[in-house]
Amino acid sequence: MTALRRAATLTGSYCWKARRGPMQGYLCAPAVRACEPVSRIAEESLMSTHVTKPSEIERQHYVVDADGQVLGRLAAKGASVLRGKNKPNFSPHLDTGDFVIVVNAEKIKLTGNKLEQRTYFSHSGHPGHAKYVPVRTMMEKRPQEVVRRAVKGMLPKNKLGRKMLKKLRVYAGPDHPHQAQRPEPLEL
């Protein structure tokens with residue numbers, strides 16, 4: 001889009017003289033009814049795009065009760081809040097997200113046959129030291145790890161994603177030590 005057309009859409013319509021003749025490159029401003037050079041009008045009327053600065057980011061604490069919630073839906077909502085996609089100043093290259101506290105991780109639901117079929121893989125780096133742990137075993141021993149891994153899988157796989165994951169706190173029971181931050185309940 002040319003500067004003339006952009007200025008016309010922002011300030012008014014084309015002047016009949018603007019397209020050809022000695023007044024070419026001029027635009028009629030509707031309030032003034034006088035032809036002015038397009039460059040002057042375009043400089044005054046073009047809007048700029050807002051870019052979020054790190055100093056403008058304000059963080060809140062949210063608490064999520066996982067009792068009876070489906071793991072994937074909870075993880076998707078938690079990852080969205082951790083990234084900051086619920087805010088109007090979301091920027092994909094900045095960590096604009098909030099803190100998320102998940103309680104009652106031991107009471108989370110998995111749909112289908114995921115308790116029997118899904119496994120978690122880890123490797124120590126030594127030959128023959130690959131471990132496959134079923135979800136059922138992980139839910140009995142460390143239920144907070146199941147939620148943490150689900151949220152981690154929905155975050156970016158880079159430095160920014162690792163920084164966002166540090167704002168996630170998961171607890172197996174109903175109690176958490178973050179009462180001083182006055183967390184707000186997050187509805188799913």
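The model is predicted: local features need pLDDT of at least 70, side-chain atom pairs count only at pLDDT 80 or more, and totals for chains, interfaces and linings use all residues. Residues are numbered from 1 along each chain as its sequence is written, and side-chain values use heavy atoms, without hydrogens or water.

The chain has 7 helices and 8 strands. These are DSSP runs numbered from the N terminus: helices are H or I with at least four residues, strands are E with at least two. Of its 188 residues, 34% are buried. Buried means under 20% relative accessible area, exposed over 50%, and partly exposed in between (1.4 Å probe, protein chains only).

The structure holds 1 aromatic pair. Phenylalanine 121 and tyrosine 132 form this tilted pair, at 5.1 Å centre to centre and 45° between the planes. Rings of Phe, Tyr and Trp (its six-membered ring) pair if their centres lie within 6.5 Å; planes under 30 degrees apart are stacked, over 60 edge-to-face, the rest tilted. The partners are 11 residues apart.

β5 and β6 pair in the antiparallel sense over 5 bridges. Two strands pair if DSSP finds at least two bridges between them. Histidine 123 has alanine 130 in β6 as its bridge partner. The hairpin of β5 and β6 has 6 residues between the strands, and glycine 125 takes a positive phi near 105° there.
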